[in-house]
Amino acid sequence: MPIASMTGFARVSGGLGDACWTWEIRSVNAKGLDLRLRTPPGFDAIEPAARAAAAARLKRGTAHATLTFAGAARAVEARVNEAALAAVLAAAAAIAARLPDAAPPTIDGLLAQRGVVELVEADESPEERAALESAALADFERALDELAAMRAAEGAALDAVLAERLSTIAELTARADACPARGPEAVRARLAEQVAALLGASPALDPDRLHQEAALLASRADIREELDRLAAHVAAARKLLEEGGAVGRKLDFLAQELGREANTLSAKANDRSLSAIGLELKAVVEQFREQVQNVE
C-alpha cells in the first residue's frame, strides 16, 4: 500500500427527486483523525454513519466536511378551512337576504377569500426522509473516495521526494565516513599538533599525560556510532516507504532520530571538511522532516 498525504480536497454533488445537495471535504495535517462535520438542520442523524465512513478511509488529518442542501420542492396541498368557509357562506346568505336581486356567490369567489383555502407542503414520510438521508450519505462516501484518491496522488509525489532525501542523507553519511580527516594519519597529525602546541605553551607539562588526554579526546570525537545509526535509520525509513500505509508517525520519529545523529556528528566534527558535510546533512534531514509532516 503506498503512502498518502494528509492534504486534499473533494467536491461531490447529488440529489433525489427535487432535492439537491453538494458535499465539500477539505483535509489538512493533524496528529490524529478529526472530522469536523457541518450539515443543515434536520440532518444530524447522518453524523454517526459519516464519521464511521471517514474513519474507514482516513487514518490521520483534520477533515472539514460541509453539506450544502438546497432542499426539496415538496408537493403542495390545498386545504379548505371549513370554519372560515362556513363564516363566508353565512355572510353571503345574510347579504342575499338583504339584497334578493344580487347574484349568488361563485365558487371561485368564495375560495378567493382570505383564509378559506390554505396552501401547505405535504408532510414528509419517514420512508422519504430515510431515502433522502441514505442518498446524501452515499454521496458523502463518494466524496471521501475522491479525497482519498487525491491524498494518494499527493502521497506518490511525497514518496519520490522522501526517497530522494534519504538517498542524499545516505550519500552524505558515506562521504563523512570516507572523509580523509577520519583517517588514522590525519588523526595522528592533529594529535601531534595539539600536543606540540601545549608543550610549547607550557614545557613543564608531562608529555605522556598530554598524549593520554589527547587520545581520550580523539576517541570521544569519533563519529563511528553516529554514522552507523544514520545508516540504520535510513534503512528503516526506506523500509517504511516500501511498506506504505499510515506510516507518518513512524517516519516522523525516524526524522527526529536522524536530526539527533546529524547534530551530534556536527558537534564532534573537528575538521573543516567534516563540519561542512555535517551542516549539509543537517539541512537535508530538516527537509526530510518537514516533508514527513504531510504523510498520513
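**Close-up views of helix packing and selected residues**

**Figure 1. Helices α4 and α7 are roughly antiparallel to each other.** The model shown here and in the other views is predicted. Two packed helices are described by the angle between their axes and the distance between the axes. For α4 and α7, the axes come within 10 Å and cross at roughly 160 degrees. An angle over 145 degrees counts as roughly antiparallel, and the pair is therefore placed in that class. The crossing in which α4 passes α7 is left-handed. On the α4 side, the residues that take part are Asp159, Leu162, Ala163, Leu166, Ser167, Ile169, Ala170, Thr173, Ala176 and Asp177. They meet Arg224, Leu227, Leu230, Val234, Ala237, Arg238 and Leu241 of α7. Sorted by class, the residues of this contact comprise eleven nonpolar, two polar and four charged.

**Figure 2. Helix α4 (residues 126–177) also packs against helix α9 (residues 272–292).** The axes of α4 and α9 come within 9 Å and cross at roughly 160 degrees. This angle makes α4 roughly antiparallel to α9. As α4 passes α9, the crossing is left-handed. The contact draws on Leu158, Val161, Leu162, Arg165, Leu166, Thr168, Ile169, Leu172, Thr173, Arg175 and Ala176 in α4. Their partners in α9 are Leu274, Ile277, Glu280, Leu281, Val284, Val285, Gln287, Phe288, Gln291 and Val292. In this contact of α4 with α9, 14 residues are nonpolar, four are polar and three are charged.

**Figure 3. Helix α7 (residues 224–243) lies against helix α8 (residues 248–268).** The axes of α7 and α8 come within 10 Å, and the crossing angle is roughly 160 degrees. The two helices are therefore roughly antiparallel to each other. The crossing of α7 past α8 is left-handed. From α7, the contributing residues are Glu226, Leu227, Arg229, Leu230, His233, Val234, Ala236, Ala237, Leu240 and Leu241. From α8, the residues they meet are Lys250, Leu251, Leu254, Glu257, Leu258, Glu261, Ala262, Thr264, Leu265 and Lys268. The contact of α7 with α8 divides by class into twelve nonpolar, two polar and six charged residues.

**Figure 4. Glu226 and Lys250 are two of the residues in the contact of α7 with α8.** Glu226 belongs to helix α7. With a relative accessibility of 3%, Glu226 counts as buried, since the cut-off for this class is under 20%. When neighbours within four places in sequence are set aside, Glu226 is in contact with Glu261, Thr264, Leu265 and Lys268. The C-alpha atoms of Glu226 and Arg260 are separated by 9.2 Å, although these residues are 34 residues apart along the chain. Lys250 is located in helix α8. Its relative accessible area of 54% makes Lys250 exposed, since exposed residues are those over 50%. Between Lys250 and Ala236 the C-alpha to C-alpha distance is 9.6 Å, and the two residues are 14 residues apart in sequence.

**Figure 5. Asp222 sits in the loop between α6 (207–220) and α7.** At 35% relative accessibility, Asp222 counts as partly exposed. From C-alpha to C-alpha, Asp222 and Ala269 are 8.3 Å apart in space, while 47 residues apart in sequence.

**Figure 6. Glu133 is a residue of helix α4.** Its relative accessibility is 17%, so Glu133 counts as buried. Apart from residues up to four places away in sequence, Glu133 touches Gly42, Phe43, Ala45 and Ile46.

Figure 7. A disulfide is a covalent bond between the sulfur atoms of two cysteines. The count of disulfides in this model comes to zero, with a cut-off of 2.5 Å between cysteine sulfur atoms.

Figure 8. Of its 296 residues, 31% count as buried. Among contacts between residues at least 6 apart in sequence, 80% join residues at least 24 apart.

Note on methods:
Residues are numbered from 1 along each chain as its sequence is written. This is a predicted model: local features need pLDDT of at least 70, side-chain atom pairs count only at pLDDT 80 or more; totals for chains, interfaces and linings use all residues. Side-chain values use heavy atoms; hydrogens and water are left out. Axes are lines fitted to C-alpha atoms, for helices over the stretch in contact, and angles run from 0 to 180 degrees between N-to-C directions. Helices (H or I, at least four residues) and strands (E, at least two) are DSSP runs, numbered from the N terminus. Angles under 35 degrees count as roughly parallel, over 145 as roughly antiparallel, 65 to 115 as roughly perpendicular and the rest as oblique. A crossing is left-handed if the near helix is turned anticlockwise from the far one by less than a right angle, and right-handed if clockwise. Contact means heavy atoms within 4.5 Å. Ala, Val, Leu, Ile, Met, Phe, Trp, Tyr, Cys and Pro count as nonpolar, Asp, Glu, Lys and Arg as charged, and the others, Gly among them, as polar. Buried means under 20% relative accessible area, exposed over 50%, partly exposed in between (1.4 Å probe, protein chains only).
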